[in-house]
Structure formats: C-alpha cells, structure tokens
Amino acid sequence: MGVSGGLRAGLCLVLCRVVASCARTNFSSMQGPQGDRVMALSEWEDRWHEDKIGFHQPHVHRMLENNVDKVLSGRAGVRFFFPLCGKAVDMKWLADLGHSVVGVEISEKAVRQFFEENNMTYSVESVPTIPGAQLFKNSEKNISLYQCDLYDFSSSVEGQFGAIWDRGSLVAINPKDRERYAALIISLMAGDCRYLLDTFLYNPDQYKGPPFFVPDEQVHGLFGSRCDVELLQSVDALTDKQRAWGMDSFTENVHLITLKSS
C-alpha cells in the first residue's frame, strides 16, 4: 500500500525530531553533570567585578597566532567578530594588523578595561535596536564593542563577518544553549567567513566547568549540516591549573569552520 506525500513528509519530520532528540540525549549524557549546568549572566558580571578572571590571557592566544594565516586566507582588512570578547588583547593585535573588530560582552567593566589598558580613547553610545545596550567605539583602530547579552545581537546590528575568533565563547555558554548559539554564529557568517573555534576535551565528571567540555562530535553536530569543519590543531594543554581543578587530562582543539559552498 502506498504512502501519500503528506504522510511521508510527516513521518520524515517525526523521524528528524526523534534523531535530533536522541542526539541531544547522547550529548547530554556525554557531558555528564555538565549537561544541565547553568550560569546566569549576573555570575559572569560578578566574576569581572571581583577580578575572578583566570580565563583572561594577557597575551595574544597561541592558537590564533598559529592559525591566523588560515583564517585570513590571503585577505586584507577582514572584519572579525569576537563573541563574549571580554578584554582580549587579540582584538588590538588584529586591529594593529589592519583588520576591524566587533565584539560582544556582557560586562561593562571588561569593555572599559580593554580600551583603558590598551591606552585607547573611546566613545560610548546607546544602541537603538538593542534596548539597554551600549556601544563602545575606537574609530582610529576600527574596534566596536557591544555591551549586551550575546543573544540580543544579530546580523541586523552589524551585518555579517569575514572571520570569527571563538576563543572562550562556546566553552563558556550554558551547554543547553549550544544549538541556539550555533544558529546565531552561522547567521553572522558571510559567504567567505572563516570561523576559528577553540574547544576543550577532558573528563566532565572531574570538573563542573566553565570552561565546559565540548566533544568534537558535538562541534560537527552543531555546525556540520551547514558548514565544513576541519580540525587544525590538537594539543595537550594540561597544566598545574587544570590539575588543581581535579583533571588528569586536558586537550585543546582548534577547528576551522566554513560555510558549505552548495
């Protein structure tokens, strides 16, 4: 007996939802106790106010330095997006190389410190399309940092980007929000965008995060349907810092993600 087109489409939709649900369940179990871990934005702001910012690096990140040529791919004057940018010195480094930078960060203190610690003047203005948001700008270096919730940001605010450097964003957001996050990032990618993503592998039963454990399988699950994902570098990054957290292994991976051509 034949199956009508409408019924077939309905069965396919149900099957896709089941597969997606199973994938989420598998990833949740893989993440162990981190699967339901939630940090409020206020907790991140408190960390900045209390100077509990061990995640900040005072030097340009080695993974960016090692792979910047693959991100630039011969291009000059690339527009970079920094999700959850903090006061990363990587932004000034790229601006000094002639690129423009747009970042999003919830902590006003972090944004102000970025400009002040780099001896850069800046202006502050409201953002009509994002209630409560502030835009901090240095026109000389072409750096624009939005102080707001990342999920209030969109391509309607600043268009799309030729590059994204995600050093500590996917590993910082609540694990349950990763699909929402991936959809936002993909929407910000221009056709030639080259997205450099830094992730960590470790036993999630040994540490509650952040930074959170992000398995390579989930990177492919989040981005693979729309993008090509290439593992560029994988290094043993275990130090006394991670040992103090209770870890016995800690691997840092960097991926290059580009939109599929088809």
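Trainee: Which residue stands opposite Gln-134 in S5?
Mentor: That is Gln-147. This is a predicted model, where local features need pLDDT of at least 70, side-chain atom pairs count only at pLDDT 80 or more, and totals for chains, interfaces and linings use all residues. Residues are numbered from 1 along each chain as its sequence is written, and side-chain values use heavy atoms, with hydrogens and water left out.

Trainee: How many bridges join S4 to S5?
Mentor: Five, between residues 134-138 and 143-147, and the two strands run antiparallel. Strands are DSSP runs of E with at least two residues, helices are runs of H or I with at least four, both numbered from the N terminus. Two strands pair if DSSP finds at least two bridges between them.

Trainee: What does H5 touch on the sheet?
Mentor: H5 packs against S2 (100-105), S3, S4 and S5, and its direction makes about 10 degrees with that of S4. Contact means heavy atoms within 4.5 Å. Axes are lines fitted to C-alpha atoms, for helices over the stretch in contact, with angles from 0 to 180 degrees between N-to-C directions.

Trainee: New topic: is Gln-113 buried or exposed?
Mentor: Gln-113, a residue of H5, is buried because its relative accessible area is 16%; the cut-offs are under 20% for buried, over 50% for exposed and partly exposed in between (1.4 Å probe, protein chains only).

Trainee: And which residues does Gln-113 touch?
Mentor: Not counting residues up to four places away in sequence, Gln-113 touches Trp-48, Lys-87 and Asn-118.
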